[in-house]
Amino acid sequence: FPFPYTPYRIQEQFMEALYAALEAGRVGIFESPTGTGKSLSLICGALAWLRDWEEKRRQEEEQLLALGAGGQDGPGPQQARPGSADTAGQPDWVTAFVQRKEERDKVDRLKEEQLRRKKREDRLEKIRQNVQLKYAAKRKRCEEDEAKRLLQLSKEALSQEAGEDALDQLDHNEEELILAEYESDDEKKVVSGLEEDDDLEEEHVTKIYYCSRTHSQLSQFVREVQKSPFGKDTRLVSLGSRQNLCVNEEVRRLGALQLINDRCMEMQKNKHEKKSNEENEGKKRRVSRAVCPFYSFEQMQFLRDEVLVEVKDIEQLVSLGRETKACPYYGSRFAIPAAQLVVLPYQMLLHEPTRNAAGIKLKDQVVIIDEAHNLIDTITCIHSAEVSGSQLCCAHSQLSQYMERYRKRLKAKNLMYIKQILYLLEKFVAMLGGNVNQNPGSQAVSQTGTVLKSINDFLFQSQIDNINLFKVQRYCEKSLISRKLFGFVERYGGPASAVKTNKENQKLAGLQDFLLTLQQGSDKEGDPPVEAEHDQLRTASPLMQIEGFLSALTNANQDGRVILNRQGTVGQSSLKFLLLNPAVHFAKVVEECRAVIIAGGTMQPVADFREQLLCCAGVDPARIVEFSCGHVIPPENILPLILCSGPSNQQLEFTYQTRDLPQMMDETGRILCNVCNVIPGGVVCFFPSYEYEKQVYGHWERTGLLSRLAARKKIFQEPKKANQVEQVLVEYAKCIKRCSQTEGQMTGALLLSVVGGKMSEGINFSDDLGRCVIMVGMPYPNIKSPELQEKMTWLDKTMPRAGGQAPSRVLIENLCMKAVNQSIGRAIRHQKDFASILLLDHRYARPATFNKLPQWIRERTQVKPSFGSAFAELRKVRTPCILCH
């Protein structure tokens, strides 16, 4: 395998296993601990396979073309024996004729593909070689922009002179708030506005779709590709959301993703409408609507070629878009068919409507999902949705006002769908025990609590089972009603907006008052303060959130549940759709793809992926392959210990019943004091929850144990707010560095963290930042949560028992151990790193639990019944044999 340096043996094993899985078309679960060069192994293994695959295909094509050229004189139909017939009863000459025709068609198809490929390669090579071409294209675009600007100015001057009449006394800006005439798919065929280019019909070449969780992880991966031996020759395209890729400042300023999406779609629609209107010059002239200057076909084609010529990450793509005045969001999508490697966030790949909208075709392609330890939760979250009583009432009020304002201008079909949406909103609020026409903040709910219903029961009890939700959902999507409504509320909903005093506008005063009381009402009820952007989104465009809930209700009855959460007032209550079976949304991915690789640093326990995701999605167990490799660190660089009792022989068992006992909290404090006395640098201690961490901290403060700890290590606590995490980490690192440079009593810092919090995933405690990681108890999820209880019931009904254990019990164990594995993997980040890992609970020693630790940690773990022997091992960590690293 081509590699930028001599690979570790485990990297070679990883690449060999990956290559074999791709070649055989398997579904692989790959685990490679962070710090072992997983990204580079994925890149070099997968792209080496792709290169060989393309070469093999090319050779096969050449053979077929050679046969096609030489086979013109092959046996004709007249040479077949006249009386013979095949098993289907067809004469041999007919069969031979059909075969010959199929072969000729195949050869013709191959010739076309070859021609198209040659054309593309020539074009890209020309761009690669000829820098002058770029500048010529750029200069041409500048000239065209100037011409367009002058033309626009002259048109505006003419229209002002003409003094165009406003239709029905509405001003120009208000015209774009009115819904266009809606025709359903039954009545018309949806026509794409991008028929201009033949290259768009280009075949999708065999490619690899690489997905990860965050924008920064994707950028990091692209940088690894750039540094790899494949960096120069790979056609790579980075995909992202409009929020990351939009270069139109007017649209970017909207801030919220849903608003950006809707505004962009509307501008495109305006562009296509403008074309059809230009054809009808003689008719009544319409008000011109905003179109995006970056949505230019020629410019986007140029950007597409630039993307394919050189590997670029999202930041470089955005810079190129600004420079070339081309939309990076659409330009990058045009590059998908010809790309060999497509890098994208996994929400985009796992959500079918988004996948289709992006033009992603999975048939016979390869998908690699990295950082996949939370894949099941991610699919569940993408396809779940929640709406509050406040949002439902607010949307009903806005939509009613909108309908009243434009009733005379709206076509019958629009009115019909708006009335259906209003009816749905009314019934949803009734299910929460409220009335849409009253303030949700002041309507008390008589029966509080949480109720779970099947989808069918919910539809039937809310009396909406007679409405076709698929059609309503389609209408919302195509008509952009939430965007129109947002524009309407922006115009009339704000207290400062000047509303003309005519009869219709007086009605709109009610909308202002309602929104104002809604805000005041929710503040009175003591709702937690929300950031300004979310507050704006909640009051201005609740319909966007509701559309997601309507879409979720179209899932199959057995695959989800609706949770009615009635709390205090109607405004605080909510409806939530919970997806129980993520496999239904993953099935299409594994069915269509040639191979799927699910990879991560910590994938243990893998049973969840195999049973809940793959087997439920109909994957043949023989197609599933598992690979787990060790770490690159020497065995002596890691010391994992399971501690069964503390310094005063108190057995360590942090169950809900025992963990609150003073002696248990005291024992935890004593262990930490001893550890902090012998371990230099940073110690990271994970608690099962924020509440328990707060409780223990308070207890130590009262008993004086905290001041004993603070004498050896400066104490930091994980903040609850995400924007404060960076500051805490900076201070923590500074303190450790300062202590390592000055020989004093203070030897470093202690960071009190929470499992599943901000510090347990994605943050590296390498070297002195994490010389010891301590896990207090076993972080089991809250078993009383209605969502979890429903998931457990569903699993017990649908899954077979594994090893005598109920599937619900296995789920709880697995969720706990996944969280533990994520947290303890934070400390070892590279080949020369070293750390101790302390698991404080005797239950970790149970075989079923012990076997769910990552293999590279499990192999080196010691079970210590008494604290004395464990402490002796910890003291050894300070010996020069390890510190010399």
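Strand β1, which spans residues 27-31, has five of its five residues buried, so the strand is largely enclosed by the rest of the structure; here buried means under 20% relative accessible area, exposed means over 50%, and partly exposed lies in between, with a 1.4 Å probe and protein chains only. The model is a predicted one, in which local features need pLDDT of at least 70 and side-chain atom pairs count only at pLDDT 80 or more, while totals for chains, interfaces and linings use all residues. Residues are numbered from 1 along each chain as its sequence is written, and side-chain values use heavy atoms, with hydrogens and water left out.

In a regular strand the side chains alternate between the two faces of the sheet. In β1, V27, I29 and E31 point one way, whereas G28 and F30 point the other way, and all are buried. The strand has partners too, where two strands are said to pair if DSSP finds at least two bridges between them. Five bridges join β1 to the parallel strand β11, residues 624-628, and E31 has S628 as its bridge partner there. With strand β10, residues 595-600, β1 also pairs in the parallel sense over five bridges, and in β10 the residue opposite E31 is G600.

The chain as a whole contains 35 helices and 18 strands; helices (H or I, at least four residues) and strands (E, at least two) are DSSP runs, numbered from the N terminus. Of the 885 residues in the chain, 51% are buried. Contact means heavy atoms within 4.5 Å, and among contacts between residues at least 6 apart in sequence, 81% join residues at least 24 apart.

Another sheet is open and consists of four strands in the order β6-β9-β8-β7, with antiparallel pairing. Its edge strands are β6 (385-388) and β7 (449-454), each of which pairs on one side only. Direction ignored, neighbouring strands of this sheet are turned by 15° against each other on average; axes are lines fitted to C-alpha atoms, for helices over the stretch in contact, and angles run from 0 to 180 degrees between N-to-C directions. Strand β6 pairs with β9, residues 569-579, in the antiparallel sense over four bridges, and V387 stands opposite L575 in β9. Helix α16, residues 389-406, packs on the sheet and touches β6 and β9, its direction making about 70° with that of β6. Helix α30, residues 786-798, also packs on the sheet, touching β7, β8 (560-567) and β9, and its direction makes about 35° with that of β7.

Among the helices, α11 covers residues 314-324, and its buried residues are I314, L317, V318, L320, G321 and T324. Seen down the axis of α11, these buried residues fall within an arc of 160°, so they line one face of the helix; the arc is that of the directions from the helix axis to the C-beta atoms. At the start of α11, a side-chain oxygen of D313 reaches to within 3.2 Å of the backbone nitrogen of E315, and after the helix comes K325, whose phi is positive, near 55°.

In helix α23, residues 542-552, eight of the 11 residues are buried, so this helix is largely enclosed by the rest of the structure. Finally, R483 lies in helix α20, residues 481-492, and is buried, with a relative accessible area of 8%. Leaving aside neighbours within four places in sequence, R483 is in contact with L254, L259, D262, R263, E266 and E490.

Notes. A polar contact is a pair of N or O atoms within 3.5 Å; within protein, one must be able to donate a hydrogen and the other to accept it, and residues adjacent in sequence count only if both atoms are side-chain atoms.
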